[in-house]
Amino acid sequence: MNHWSEYPFVRILFAFLAGLLTCIFSPVHFPDWLLPVMVLLVLFIHISSRSKTIRLYKYAAFIGCIFQLTAFVFGNVLTHHKIDQHDSDQFVYKSPKAGFFVVKITEPPIEKEKTYKILVSVSQAVDSVSATPTFGRSILYLKKDSASAHLHYGDLLMVRNNFQSVAQPSNPDQFDYKKYLWYREIYATAFLNREDWHLLTGKSVNPLFQFTFLLRDFSIKALQNYIPSEREAAVAEALVIGFRDHMSMETTQSYTAAGVVHVLAVSGLHVAIVFALLHQLLFFLNRKKHGKLIQAIIILAAIWIFTMVTGLSGSVVRASTMFSFITIGKNMKRPVNLFNILACSAMVILLIDPLLVMDVGFQLSYLAVLGIGTLNNYIDRWLPRENKIVDYLWKMVAMSLAAQIATLPLTTYYFHQFPAYFLFANIVVIPIAGILLYLGITLIALQFISPLATLLGKAINLITYLMNEFIEHIQKLPAASIHLPEISLLQLLLFGAVIILISRFFITGAKKLFFAGMICTLLFITFHCVNVCELLQQKTFTVYDFRKAGVLEFRSGNSAELYKCAGIISTQDSAYLEQHWRLSNIVPIVNADQKKDFKKKLHPQFSNCCSFVQFYNYRLAIVNSPFQVQPKTKKIKVNALLISGNPSLHLKDVLPYFETAHIIFDTSNSPYHVNKWKEEASQLGFAIHDVATEGAFVQHI
């Protein structure tokens, strides 16, 4: 029977994570002086435990709590200091006074359709008098031209202070890009034209990162030069070195729907393949004196060189750290405990960057390895077999099932879909991915031998083409991707508890685990039913923040009617609507793709300049053309007045005819007109909502 004493790093990690998450999700922050006090207390206990006169074993539970509390405080204090938004020297606090900033390009620029996306670190704030040191990270979007095309890692730029804080999601259920960047300590971005930046003399480079980026560029060049097809070259770049900037959206969606998108992100799977290959190639060293030490050094060096080739991506660094601990542990002739290894590697990574705990890839990679470590052997015993081919295939099934079961709660929470044919797809794709990884690494290493490199490139192109076609056929199968409803954080925790309890029940046979799992399942279903009941009772009116389009939605329960007042709904906005409706279990009555115009209901007092709609007890007036009315009789009472289609009018000519609480401007209006209307509304004392700057207008009825 296992005891907690066998997992010291796991116990420390749990306490450390608790303190870390407390700092992120709550205002609780321990004072700095508390940490050294706790450390001194731990040292005192450790020294006292060596004394035979003090029987500390009587207080083992209390001492354990002190150790755990120290790890908790450490996680909290470390995370608070890591979040540089708490530091007054962060460049966002100097933005109001600074006219320019000096920045350093920290990664090679990424080419977009009309811009170059550049990650920078800010070093100086420059005003009219002096330059002061500062720090922080940001993303710059430089207008594409001949000058921006020649920027490289390490270049220093003087940039105009066009920085703006990252906007909140402007529509319901929209991806929270602000939070995504916050976890990466990026709080502001800037768009710069050519006249807004200037290249300074000199460079500031880290030799390790410079070597890493040179290796990556060297690898990309080899794959692009010798793989003839553009699509296949892009997939090979993603699969071999994790570079996905050349991947098309259609190809990525195909791999996602088939449940094999993980092969396109170099991760633990790829490091495991390299690790296994090196062990097989270096087997002869096991018979030599100091051979195991030499083998360990070669494996560690090769793994970290491969990590640098991939650009030191987070998932590869995590996997390389874990396999490094495994290699070192085996070489030291210590028993390798998977859970301790995982906890130790996670601890090392989170000490460097505590906010990485919020990275989806970090969470999924560790859960997948945990699932394989705990469930793989159990599932592997389900099928007795003697045939080697059947044995290999079933091992693939067992590994895929174990990883999928362990990550199912998180994938449901984040992605809201389940690939129905993931087992079949993984059985085929993972071996092919291993072959392509070997061939790709060989091509990169031997690209100087042109005939051999050409042959390897053609082989990679053919194998990748067949794999892509297979994935596309999988995607087209019926119900290839099962869409799942949105779940809350509490439901996520209950779902995870169900997976753990039921899995342990099947492994151990303990009935109490089964009953506990059933209770968690009932709670999960109950919360889901409550959410569905709340959904069925909801009645909302929404004006969406779509680009230059006036789009309204009237939602009752799980049905929604969509109208377009002005403009054209873009493909991107249509895709967002479909996802939003799917997450909310909404069945649209009028599909956005039909782009059906709003049906006007005219009032006798108005002539083709105003429309009205009654939605339950909510009444809306829509002005979408120059205002022309009959002589005034009496005010019409409406809950809101929506101005759409950029009509040429003055609010003072419109408002006397309405008794209303809100004036709404949708995104089909020009900023010039909206600013004028805002000034008028402010003078007249009316409450306004500008969808373009404040996000979607949502009214619960």
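**Exercise 1. How many disulfides does the count come to in this predicted model?**

Let's work through the cysteines step by step.

- Step 1: To form a disulfide, two cysteine sulfur atoms must lie within 2.5 Å.
- Step 2: Start with C520, whose nearest cysteine sulfur belongs to C529 and is 16 Å away. C520 is therefore in no disulfide.
- Step 3: Now take C529. Its closest cysteine sulfur is in C533, at 6.6 Å, which is too far for a bond.
- Step 4: By this rule, the count comes to zero disulfides.

**Exercise 2. Is C520 buried or exposed? And which class does C529 fall into?**

- Step 1: Buried means under 20% relative accessible area.
- Step 2: C520 has a relative accessible area of 13%, so C520 is buried.
- Step 3: C529 has a relative accessible area of 40%, so C529 is partly exposed.

**Exercise 3. Where is H416 found, and what is its phi?**

- Step 1: Look in the loop between α14 (388-415) and β10 (417-419), which is where H416 is found.
- Step 2: The phi of H416 is positive, about 55°, although H416 is not a glycine.
- Step 3: Most residues other than glycine have a negative phi.
- Step 4: With 8% relative accessibility, H416 counts as buried.

**Exercise 4. Where is the place of Y616, and is Y616 buried or partly exposed?**

- Step 1: Find the loop between β16 (610-615) and β17 (618-623), since Y616 has its place there.
- Step 2: Y616, not a glycine, has a positive phi of about 55°.
- Step 3: Y616 has a relative accessible area of 47%, so Y616 is partly exposed.

Notes. Residues are numbered from 1 along each chain as its sequence is written. This is a predicted model: local features need pLDDT of at least 70, side-chain atom pairs count only at pLDDT 80 or more; totals for chains, interfaces and linings use all residues. Side-chain values use heavy atoms; hydrogens and water are left out. Buried means under 20% relative accessible area, exposed over 50%, partly exposed in between (1.4 Å probe, protein chains only). Helices (H or I, at least four residues) and strands (E, at least two) are DSSP runs, numbered from the N terminus.
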